[in-house]
Structures are given as C-alpha cells and as structure tokens.
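Reader: I have a fold on my screen and some questions about it. Can we go through it briskly?

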Amino acid sequence: MANIFSEWNSTELQSYLIEITATILGKKDEFVEGGYVVDYILDKTGMKGTGRWTIQEAAERSVAAPLLAASLDSRYISARKDERIKASEILKGPEVTSAEIPVHKMQMLDDLKAALYAAKVCSYAQGLGIIKSCSEDMDWNVNLSDCARMWKGGCIIRAGLLQKIQDALARDKNLPNLILDPVVAGELNDRTAAWRRVVVVAVGYGISTPALSGALNYFDSYRRK
C-alpha cells in the first residue's frame, strides 16, 4: 500500500496527505521484526472540534457538505471501539465470493485512483461552498481563488490539484460551485464510471466507503434537474 500511495503522489493526486500516508504505511515497527507501525495502532480516533464546527457552519448556511460530514461521522464511529467489537459479533455482512463479484487488482487500483481524485474535488468544492456562503452572508468579499493559492503553501490540505482550483475560480469569480467549471466538470465526468465501480464493489463486499460514496451521492444529487 505504501508503494501505491507513493506512486499516486507523483500523479494528479499529489498532495501532502497522500505523501505522509505513503510514509506512514511504509514505516517499520522498531520493536516487532518484520512488522509495520500501522498494524499496531489502535483504530480509535480523537478530535479537536474543527470538523464539528465546519459541519455546524455548513448547516447554519444551508450548504450541503455530505463528504465532510461523512469524515466526521467516521471519526465518531471510530471512537466507539468497544461498541464496534460487540457489533462485529452480532451484525453480519454479505457472504460473497470473488466469483460472484469479481475484482481485478490492477483495474481496481486504477478505479480507486480515479475515484479518490473525484472525491477530493468534491471535498474542496464543499469546503469552498461553505466559505463562499459565509463570505456572502457576512460581506467579507473573500477571493476564493486566493484561498486556493494560499492553501498551496504550508497547509495540510496543500495539493497539486489546488492550481486547477485556483485557475477555475479565477476564470469565473461568480462560479456557484467548483464542479461547474468546464475543466473540473470534464475531469469528474471522465472518472464517474470508475468511481461507480469502486462504490458498487465496496457495497457488494460490505466495505464501508462513506467519503467516496458520499461524494458520489453529492455529485449525482447536484446534477439532477
């Protein structure tokens, strides 16, 4: 997995978070021979409140942010480790075989790459939508293109994608939603088939993908007449 993320970091997915994910996944455990640190980290997260504040603000401004909410919900569920252990003994997932839902590794990796990129675009779109709404309500006159420009340097969400976002917001300062920019929309449309394949396979095998599926639902809801 570390190698995959490292490879992805040299593509359109290049970002600080992809970079450190590759580093973390490749970190060997100093106390267990042949083991990796990630295998010994308890999957139980904490939080500082910024995610909650973001979703509260989105609700106050009537801005849809399902992907951001999904990430917050995932943290809440993660924190309930003891409950999840009990639930794993009671609640059953689907019993399917690779013959029933075939998965071709290389195809799936390509699809995951496309789906992740599309979901990242939607994530930025939702965050920028919240800032845009606050700016309009509070008369802040925030330049969203400048936000993208500033995020490119020294920010945890810095990514190569931000240059495209900066350009899109500079082309049309009144753009209602990032995903309506012709260039951005074209990239999403090119990736929807792969995006859907990933979500369908995940659902079939009972694998939770709240962010990827939440982003796809956002995309499908927004494009309806």
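Reader: Where is the place of Arg 84?
Author: Helices here are DSSP runs (H or I, at least four residues), numbered from the N terminus. By that count, Arg 84 falls in residues 81-90, which is helix α5.

Author: A word on the source. This is a predicted model, where local features need pLDDT of at least 70, side-chain atom pairs count only at pLDDT 80 or more, and totals for chains, interfaces and linings use all residues. Residues are numbered from 1 along each chain as its sequence is written, and side-chain values use heavy atoms, with hydrogens and water left out.

Reader: Is Arg 84 buried, partly exposed or exposed?
Author: Buried means under 20% relative accessible area, exposed means over 50%, and partly exposed is in between (1.4 Å probe, protein chains only). Arg 84 has 26% relative accessibility, so the residue counts as partly exposed.

Reader: Which residues does Arg 84 touch, not counting those up to four places away in sequence?
Author: Contact means heavy atoms within 4.5 Å. With residues up to four places away set aside, Arg 84 touches Asp 43, Ile 77 and Ser 78.

Reader: Which residues in the largest nonpolar core touch the most other members?
Author: A nonpolar core is a set of buried Ala, Val, Leu, Ile, Met, Phe, Trp, Tyr and Cys residues joined through side-chain atoms within 4.5 Å. The largest such core has 42 residues, and those touching the most other members are Val 121, Tyr 124, Leu 128, Ile 165, Leu 178 and Trp 195.

Reader: Which element gives the most to this core?
Author: Elements giving two or more residues are α1 (2-8), α2 (16-25), α6, α7 (144-151), α8, α9 and α10 (210-222). The top contribution is ten residues, and it comes from α6.

Reader: What is Leu 178 in contact with, leaving aside neighbours within four places in sequence?
Author: Leu 178 belongs to the largest nonpolar core. Its contacts beyond those neighbours are Val 121, Tyr 124, Ala 125, Leu 128, Ile 165, Ala 168 and Val 184.

Reader: Is Ala 168 buried or exposed?
Author: Ala 168 sits in helix α8. Leaving aside neighbours within four places, Ala 168 is in contact with Leu 175, Leu 178, Asp 181 and Val 184. Its relative accessible area is 0%, so Ala 168 is buried.

Reader: What is the volume of the largest cavity?
Author: On a 1 Å grid over the protein atoms alone, a cavity is a set of points where a 1.4 Å probe fits but cannot get out, and lining residues have an atom within 4 Å of a point. Grid points are joined across faces, edges and corners, and a volume is the space filled by probe spheres set on the points. The whole structure holds one cavity of 30 Å³ or more. The volume of the largest is about 30 Å³.

Reader: Which helix supplies the largest share of its lining?
Author: The lining residues are Tyr 117, Val 121, Leu 161, Lys 164, Ile 165, Leu 178, Val 184 and Glu 187. At least two come from each of α6 (105-138), α8 (161-171) and α9 (182-205). The largest share is three residues, from α8.

Reader: How many disulfides does the structure hold?
Author: A disulfide is a pair of cysteine sulfur atoms within 2.5 Å. The sulfur of Cys 155 has its closest cysteine sulfur in Cys 147, 10 Å away, too far for a bond. The number of disulfides is zero.

Technical notes. On a 1 Å grid over the protein atoms alone, a cavity is a set of points where a 1.4 Å probe fits but cannot get out, and a pocket is an open set with protein on both sides within 12 Å along at least five of seven lines; lining residues have an atom within 4 Å of a point.
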